[in-house]
Amino acid sequence: MNRAVSSLRTRLGSFCTSSSSPASEAWDGRFRLHKPRGQHLLTNPRVLEAIVRHAALRPGDAVLEVGPGTGNLTARLLASPVESVNAVEIDPRMVEAVTSRAAALDLAQKLTVIHGDAVETDFPEFNVCVANIPYGISSPLIAKLLFGTYRFRTATLLLQKEFAQRLVAVPGDSEYNRLAANVRMVADVKLLMDVSKRDFVPMPRVDSSLVEIRPRATMPDVDLAEWLAFTRECFGQKNKTLGAIFKQKRKILDLCKRSQRTERCTAGATGRGIILGVLDDGNDEACGDDNNEGSDRTTGLSEEEVTAFKEKVAGAFESTGLAAKRPSKMSNDELLHLLRLFNERGIRFQ
């Protein structure tokens, strides 16, 4: 067994360049890498091996890898005791490179390469995801993994450091946002290690971080589509108090209209639609100040309907004492409690 491992490591090492540092995995420059596509190859063997260790792979695991590139991480995944590796790659040049590399290592029988866009492609069954994710698809990919139909043990993902910090943030942190709130509703997340930008070719502008995402064994008793729509309203202006957010006239009118067509909206919020916008936490003040007057007549709502709806919103806050709190400092339990009170009063967010 030791001789086999030694032989495999020798073959892995054969992909290192003779002219570079021993801490640099080979890339022979056969084709141009596209920075806008997030094509930054991780080349430090120590980091690559650390990722595989952190993934805690088991015999019989089916691994999903997104964006294998030329196969630096793929080769190590294939060399582990897993049963199979399914790699999703959009660039046909990379498909050829990683396929050839697996063949050269006599490990092609464990590898399936799927040529396609990882955000759009249906994944085969897997129980572990290990990937150096292209920065541009971090949000939609994590949303697809956690809010789609996939069931897996862990995802060990290399992400842009700033994005990872937002992902692991907790209430009260300056980075806490809708991204963290939504992910923590369905999974436990922890930071594993930081990775220098110097460990990539070509070198990106920022450092990266490795995170572990572990879906919860028991899903929360909540309509996820409703929760996702609710957090969008709250975190659109996360540094305002909830009382101020839900007093804005335009928001009241919009919620009143949505609540009146609950059944139709709920029927349309299944499947892939639930993924859209799950983790978009960009501009905290994206909604702006909605206190402009507007006309109730343009909404088709009577003044009596709007007044009654305002009273429902006020009643929910009166029973919780949460009106003075800011979403960025609230736990998911507090937010979920408020959502349930809203829903009990017929206030809907989808």
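**Inside the fold**

Reader: Is F349 buried or exposed?
Author: Heads up: this is a predicted model, where local features need pLDDT of at least 70 and side-chain atom pairs count only at pLDDT 80 or more, while totals for chains, interfaces and linings use all residues. Residues are numbered from 1 along each chain as its sequence is written, and side-chain values use heavy atoms, leaving out hydrogens and water. The labels go by relative accessible area: buried is under 20%, exposed is over 50%, and partly exposed is in between (1.4 Å probe, protein chains only). F349 has 1% relative accessibility, so it counts as buried.

Reader: What share of the 350 residues in the chain is buried?
Author: F342 is one example, since its relative accessible area of 1% makes it buried. Across the 350 residues of the chain, the buried share is 49%.

Reader: How are the rings of F123 and Y150 arranged?
Author: Rings of Phe, Tyr and Trp (its six-membered ring) pair if their centres lie within 6.5 Å; planes under 30 degrees apart are stacked, over 60 edge-to-face, and the rest tilted. Searching the whole structure turns up 13 aromatic pairs. For F123 and Y150, the centres are 5.4 Å apart and the planes at 40 degrees, so the pair is tilted.

Reader: How many residues apart are F123 and Y150?
Author: Helices (H or I, at least four residues) and strands (E, at least two) are DSSP runs numbered from the N terminus. F123 is in the loop between β4 (111-115) and β5 (128-132), while Y150 is in the loop between α5 (138-147) and β6 (154-160). This pair links distant parts of the chain, and the separation is 27 residues.

Reader: How far apart are the ring centres of F342 and F349?
Author: Their planes sit at 55 degrees, so this pair is tilted. F342 and F349 also belong to a cluster linked by ring pairs, along with W227, F230, F246 and F317. The F342 and F349 ring centres are apart by 5.5 Å.

Reader: How many residues are in the largest nonpolar core?
Author: A nonpolar core is a set of buried Ala, Val, Leu, Ile, Met, Phe, Trp, Tyr and Cys residues joined through side-chain atoms within 4.5 Å. In the largest one, the residues with the most contacts inside it include F123, F246 and F342. Its residue count is 65.

Reader: And how many residues are in the second, separate core?
Author: L48, L78, A87 and F200 are included in this second, separate core. Its residue count is 28.

Reader: Which residue caps the N-terminal end of α2?
Author: Helix α2 covers residues 45-55, and its buried residues include V47, L48 and I51. Those buried residues pack against several elements, among them α3 (72-79) and β7 (187-195). At the N-terminal end of α2, a side-chain oxygen lies 2.9 Å from the backbone nitrogen of R46, and the residue providing this cap is N44.

Reader: Is V201 buried or partly exposed?
Author: V201 belongs to strand β8 (residues 200-201). Its C-alpha is separated by 8.5 Å from that of Q39, 162 residues apart along the chain. With 28% relative accessibility, V201 counts as partly exposed.

How values were computed:
Contact = heavy atoms within 4.5 Å. Polar contact = N/O pair within 3.5 Å; in protein donor to acceptor, adjacent residues only side chain to side chain.
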